[in-house]
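Please look over the sequence and the structure below before reading on. The report then takes up a few local features in turn.

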Amino acid sequence: MSEAEELLTTPAEWDLAPERHRHFKDVLMQQIDQDRSQDLSVRTPVRPPARRRFARPAVLVPLASAALAGALLVTLSVDGRAPATGTTPSATAAGASVTLNRIATAAMASDAIRVRDDQFVYVRALERFNKGGFGGPVRLGALHTEEHWTAQEPGPLRVTGWLRSSGKDAIMPDQLIPVESTDAVPAGVHHPTYRWLASLPTDPDALLRRLHKEARPVEGESRDQAVFSLIGDLISGTVMPPANAAAFYRAAARLPGVREIPDAVDAAGRHGIAITLDDTGFATRDEWIFDRETLALLGSRYYVTDPDRGITKETLSGSSAVMETAVVDAKGDVPARAASR
């Protein structure tokens with residue numbers, strides 16, 4: 001089966017590892033480059049590749065080409081770095097637990113935002129992703145803007161949201177593209193609505209047990225890593241009650257292998273503290289970046305190590321920055337426009 005055929009036939013679930021999604025992204029980017037040189041008017045829906053996570057989710061980012069129009073579900077890219085020289089893993093692990101509990105306290109104190117089932121959660125983010133050819137070295141593209149509208153209707157829905165990209169290296173710039181699945185998706189980890197998130201346990205141990213059941217590790221990935229990625233998806237592109245947000249961070253603090261990185265930079269150039277999880281059997285690493293003072297989520301970064309592609313040391317393969325999150329009444333609305341109605 002060819003790469004394009006695999007892209008079209010992969011089930012619409014979030015059960016692939018981050019590097020596998022970037023594999024599909026590489027394939028589709030090559031198809032897009034080819035399609036730009038052709039005059040094609042027929043638009044064929046793309047069956048989204050599996051995605052277990054930012055949502056992970058979380059923020060859904062469809063990619064489409066003229067020949068392969070539709071939606072490919074991916075997420076905000078993330079990364080990680082090794083501990084600073086002289087910092088022991090036990091020290092960074094202890095720091096991560098303390099920091100995550102501080103972040104949870106800040107989340108608990110935040111204002112609650114009510115979201116109706118007929119509304120959309122709007123997220124505007126900056127993103128850079130790998131434009132290098134499949135099987136080759138990483139080549140980061142230009143920073144561009146991506147706007148996402150996630151439907152809050154519990155469903156099941158085939159179109160769970162919408163995407164609009166703008167700027168250099170944007171996919172189908174300035175077009176409102178549906179994020180759709182071959183099969184209708186109910187509210188849940190594959191379609192995280194406010195109402196569903198509010199139904200989750202707020203006790204961190206109970207939530208962690210639930211997430212361990214929901215997470216779908218892939219070959220070479222530990223279940224804890226899959227849970228960490230799933231949490232990253234759910235905190236990055238959604239709106240939820242403060243108690244639920246706090247529970248996610250406290251649950252993450254209980255995962256073995258989490259550690260703190262003292263300084264990390266998001267796609268917008270903002271410095272903050274970061275949380276990552278080390279999984280020695282996996283070649284990728286996610287990093288969540290938080291503001292040092294407010295402890296709000298700034299964005300994420302993603303690193304990959306892949307000797308088969310000549311990437312022998314940890315290499316930045318993508319980064320994101322969450323610039324605005326709001327609730328709007330209709331797809332295509334932005335907060336300023338919605339407020340002026």
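## The largest pocket

This is a predicted model, and the largest pocket in it has a volume of about 690 Å³. Of the 28 residues that line this pocket, I235, T238, A296, L297 and T325 are the closest to its centre.

Several elements contribute to the lining: helix 3 (89-108), helix 6 (223-236), helix 7 (242-253), strand 8 (297-306) and strand 9 (311-328) each supply at least two residues, and strand 9 gives the most, with five residues.

## Helix 5 and its two faces

Helix 5 spans residues 204-214, and its buried residues are P204, L207, L208 and L211. Seen down the helix axis, these buried residues fall within an arc of 100°, so they line one face of helix 5. As a general rule, an α-helix has 3.6 residues a turn, so residues three or four places apart point the same way.

The buried residues of helix 5 are covered by elements that include helix 6 and helix 7, whereas the face turned away from the buried side carries the exposed residues R209 and K213. At the start of helix 5, a side-chain oxygen of D203 reaches to within 3.2 Å of the backbone nitrogen of D205.

Is E287 buried or exposed? With a relative accessibility of 0%, E287 counts as buried, because the cut-off for that class is under 20%. E287 belongs to strand 7 (residues 284-290), and its side chain is joined to that of R301 by a polar contact of 3.1 Å.

## Backbone details in the loops

Most residues other than glycine have a negative phi, and most peptide bonds are trans. Against that background, the bond between G155 and P156 is a cis peptide bond, with omega at about 10°; P156 is placed in the loop between strand 2 (144-151) and strand 3 (157-166).

M172 lies in the loop between strand 3 and strand 4 (177-185), and at 12% relative accessibility M172 counts as buried. L295 is found in the loop between strand 7 and strand 8, and at 9% relative accessibility L295 likewise counts as buried.

Key: Residues numbered from 1 in each chain as written. Predicted model: local features only at pLDDT ≥ 70, side-chain atom pairs only at ≥ 80, totals over all residues. Heavy atoms only, no water. 1 Å grid on protein atoms, 1.4 Å probe; cavity = no way out; pocket = protein on both sides within 12 Å on 5 of 7 lines; lining within 4 Å. Points joined across faces, edges and corners; volume = space filled by probe spheres on them. Helix = DSSP H or I, 4+ residues; strand = E, 2+ residues; numbered from the N terminus. Buried < 20%, exposed > 50% of the residue type's maximum accessible area, 1.4 Å probe, protein only. Arc of directions from axis to C-beta. Contact = heavy atoms within 4.5 Å. Polar contact = N/O pair within 3.5 Å; in protein donor to acceptor, adjacent residues only side chain to side chain.
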